[in-house]
Amino acid sequence: MDTAAHPPGTRRRLERLIVTRPAPEAQAWADALRAEGWPAQALPLIEIAPPDAEADQATLRHWRAHWTQADAILFVSGAAVTHFFESGVAPARQPPRTRFWAPGPGTARLLAQAIEPLGLSAAHIDSPPIDAAQFDSEHLWPVVSSQVGPGRQVLIVRGTSAQGTAEAGVAGTGRDWLIRQCTAAGAQVQGCVAYARRAPALSAADRAVIDAAATAHSLWLFSSSEALLPLQNLRPAPAWACASALVTHPRIAVAAGQTGFVQICQTRPALADVVRALESGWTRP
């Protein structure tokens, strides 16, 4: 498995680039990559929906009304921000002490937009530095660790996976690690499910795209380990050996290898980083 910044040897011809992010992000990314000259097409392999369980819905309503009780709120993804704030949250009666944590710049940008109606700004948001080696919980922790201690309350806004458990993949594993750090420092950690992640219903056209993209000169862009689950269910591991995967975190690289991808390249998740990885390893049609 090759997890270098780009594939070794000569650059390969790219005929199709499959963007697997949830809708509508997948289409936005595909449009942006096509504008750069890459043959990108959207194939969302994760569906985002409101939480199913009544208990999760009740907890979400509670925290939308009482978010100022938390000293810090970690939003594990952009979807967490969108679904937490989509029905509105109660304004603070006085300047809140609450800090907002984001594992990466995309989530931080959405947070800044979401909290602006509350009279808050990006100055209330903590995230890894823009030049961090990776955007994840491990790189967020050095930024926020001084905020955590006995008597502090940290809220984790997250999703549930297709299996109904805590969100799988990069966000889940890193989030669990962060929870352990907060707990070890004496903080009280609570969870709030803001959305559910599911495998989408694939149409005949979707399956045709998947069949075509299981071949050489095809590249799959994965920003979540969970996007690999539909492919694992459709085809055995050897079927993916000819295609390539471009992943945005080491944990996703491991999942791609388990799915059957052999040529796996890793990059940071920002669009500019993805474009640089493409330019270093592939040629446009």
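## Strand E4 and its partner E9

Strands E4 and E9 run antiparallel and are joined by three bridges. Within this pairing, Ile-48 has Arg-197 of E9 as its bridge partner. The model described here is predicted.

Strand E9 also pairs with E8, and here the two strands run parallel, with eight bridges between them. Thr-160 is placed opposite Ala-196 in E9.

## The six-strand sheet

These pairings belong to an open sheet of six strands, ordered E4-E9-E8-E5-E6-E7, in which the pairing is mixed. Strand E4 (47-49) and strand E7 (125-126) each have a single partner strand and stand at the edges, so one side of each lacks a neighbour in the sheet. Helix H3 packs on this sheet and touches E4, E5, E8 and strand E9 (188-198). The direction of H3 makes about 95 degrees with that of E9.

Further along the order, strand E5 (residues 72-75) pairs with strand E8 (residues 153-160) in the parallel sense, over four bridges. Phe-75 lies opposite Val-157 in E8. In general, the strands of a sheet pair through backbone hydrogen bonds, in either the parallel or the antiparallel sense.

## Helices H3 and H4

Besides packing on the sheet, helix H3 (residues 78-85) packs against helix H4 (residues 105-115). The angle between the two is about 15 degrees, and their axes are 8 Å apart. Because angles under 35 degrees count as roughly parallel, H3 and H4 are described as roughly parallel to each other. The crossing in which H3 passes H4 is left-handed.

On the H3 side, the contact is made by Gly-78, Val-81, Thr-82 and Phe-85. These residues meet Thr-107, Leu-110, Leu-111, Ala-114 and Ile-115 in H4. Classified by side chain, the contact of H3 with H4 comprises six nonpolar residues, three polar residues and no charged residues.

## The five-strand parallel sheet

A further open sheet is formed by five strands in the order E3-E2-E10-E11-E12, with parallel pairing. Its edge strands are strand E3 (40-42) and E12, each of which pairs on one side only. From one strand to the next, the twist averages 25 degrees.

Within this sheet, strand E2 (residues 16-19) runs parallel to strand E10 (residues 218-222), and four bridges join them. Ile-18 stands opposite Trp-220 in E10. Ala-245 has Ile-264 of E12 as its bridge partner.

Helix H1 (residues 25-35) lies across E2, E3 and E10 of the five-strand sheet. H1 runs at about 170 degrees to E3.

H1 also packs with helix H10 (residues 271-281), at an angle of about 50 degrees and with the axes 11 Å apart. That angle makes H1 oblique to H10. In contrast to the left-handed crossing of H3 and H4, H1 passes H10 in a right-handed crossing. Trp-29, Ala-32 and Leu-33 in H1 meet Leu-271, Val-274, Val-275 and Leu-278 in H10. By class, the contact of H1 with H10 contains seven nonpolar residues, with no polar and no charged residues.

The peptide bond from Ala-23 to Pro-24 is cis, with omega near 0 degrees.

Phi of His-217 is near 70 degrees, which is a positive value in a residue other than glycine.

Note on methods:
Residues numbered from 1 in each chain as written. Predicted model: local features only at pLDDT ≥ 70, side-chain atom pairs only at ≥ 80, totals over all residues. Heavy atoms only, no water. Pairing = 2+ DSSP bridges. Axes fitted to C-alpha atoms, helices over the stretch in contact; angles between N-to-C directions. Parallel < 35°, antiparallel > 145°, perpendicular 65-115°, else oblique. Left-handed = near helix turned anticlockwise from the far one by under 90°. Contact = heavy atoms within 4.5 Å. Nonpolar A, V, L, I, M, F, W, Y, C, P; charged D, E, K, R; others polar.
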